[in-house]
Amino acid sequence: MLPKLTFVLGGAASGKSAWAENLLLSSHLEPVYLATSRTFDDEIKSKINLHKSRRGPEWLNFEADLDIGSTLISLNSAQAVLIDCATMWLSNHMMDGSDISKRQSELLLSLSESPAPVVIVSNEVGHGIVPDNALARSFREAQGRLNIALAAQADLAVLVVAGLPIVLKGKLP
């Protein structure tokens, strides 16, 4: 049985999304994929296509680059949703000039109100070098704060490294 909220964290290309997809499928609930990425170049388009190719026809797919909450509350308890990923969601809001603190609070509330269990994927961006520009440093700080808040609210928090899960909080189902 999936916990109400599972937080899956990892570096770029760590296997976190594939691991999260498999976790969701093992729940035997109807799998729902909530994509947050915007397609703004060929590299992102290629990554989106790779993610889509892993998912079979059993997945119900939604796109929500900014408003995750309305999709979450439209679901039911026979479903389980994978949000991939919090990093792209945050990036979209930062690029649009949103009030990040307000949007983060709204996200956390919608996660708690979802009738379906939620697995949310995010990138660990704090293990690298200090970025050389103000926007990148601001993003790194905002991502760190968001990750801390998601981990605090989560029933299960998992760090994925080289495709392998390391449980940080809770127990694997």
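Buried means under 20% relative accessible area, exposed means over 50%, and partly exposed is in between, with a 1.4 Å probe and protein chains only as cover. Keep that in mind for Glu141, which is partly exposed at 40% relative accessibility.

A word on what we are looking at. This is a predicted model, where local features need pLDDT of at least 70, side-chain atom pairs count only at pLDDT 80 or more, and totals for chains, interfaces and linings use all residues. Residues are numbered from 1 along each chain as its sequence is written, and side-chain values use heavy atoms, with hydrogens and water left out.

Helices and strands here are DSSP runs, numbered from the N terminus: H or I of at least four residues for helices, E of at least two for strands.

Start with the strands. E2 covers residues 30-35 and E3 covers residues 60-63. They pair in the parallel sense, over 4 bridges. Pairing requires at least two DSSP bridges between two strands. Within this pair, Tyr33 stands opposite Asn61 in E3. Between the two strands the chain runs through helix H2, residues 42-54, and this β-α-β crossover is right-handed. In other words, with the strands pointing away from the viewer, the path from the first strand over the helix to the second runs clockwise.

Now the interior. A nonpolar core is a set of buried Ala, Val, Leu, Ile, Met, Phe, Trp, Tyr and Cys residues joined through side-chain atoms within 4.5 Å. The largest one has 30 residues. Which of them touch the most other members? Leu72, Val81, Ile83, Leu90, Leu111 and Leu150 do. Several elements each supply at least two residues, among them strand E1 (5-10), strand E4 (79-84), helix H4 (86-96) and helix H5 (100-113). Helix H6 (134-153) is also on that list. H6 gives the most to this core, with 5 residues.

Ala20 is buried, because its relative accessibility is 0%. Ala20 and Thr6 are 14 residues apart in sequence, and their C-alpha atoms are 9.1 Å apart.

On to charges. Side chains of opposite charge can pair when their charged atoms come close. We call it a salt bridge when a side-chain nitrogen of Lys or Arg is within 4 Å of a carboxyl oxygen of Asp or Glu. How many does the structure hold? There are 4.

Take Asp96 and Arg38, whose side chains meet at 2.7 Å, N to O. Asp96 lies in H4 and Arg38 in the loop between E2 and H2, so the pair ties together parts 58 residues apart in sequence. Asp96 is partly exposed at 43%, and Arg38 is partly exposed at 23%.

Glu106 and Arg103 are bridged too, with their closest N and O atoms 2.8 Å apart. Why is their separation about one helical turn? Because they are 3 residues apart in helix H5. Glu106 has a relative accessible area of 38%, and Arg103 has 25%.

Back to Glu141: its side chain meets that of Arg140 in a salt bridge at 3.1 Å, N to O. There is also a network, in which salt bridges that share partners join Arg38, Asp65 and Asp96.

Last stop, strand E7. Ile166 lies there, within residues 164-169. Ile166 is partly exposed, with a relative accessible area of 42%.
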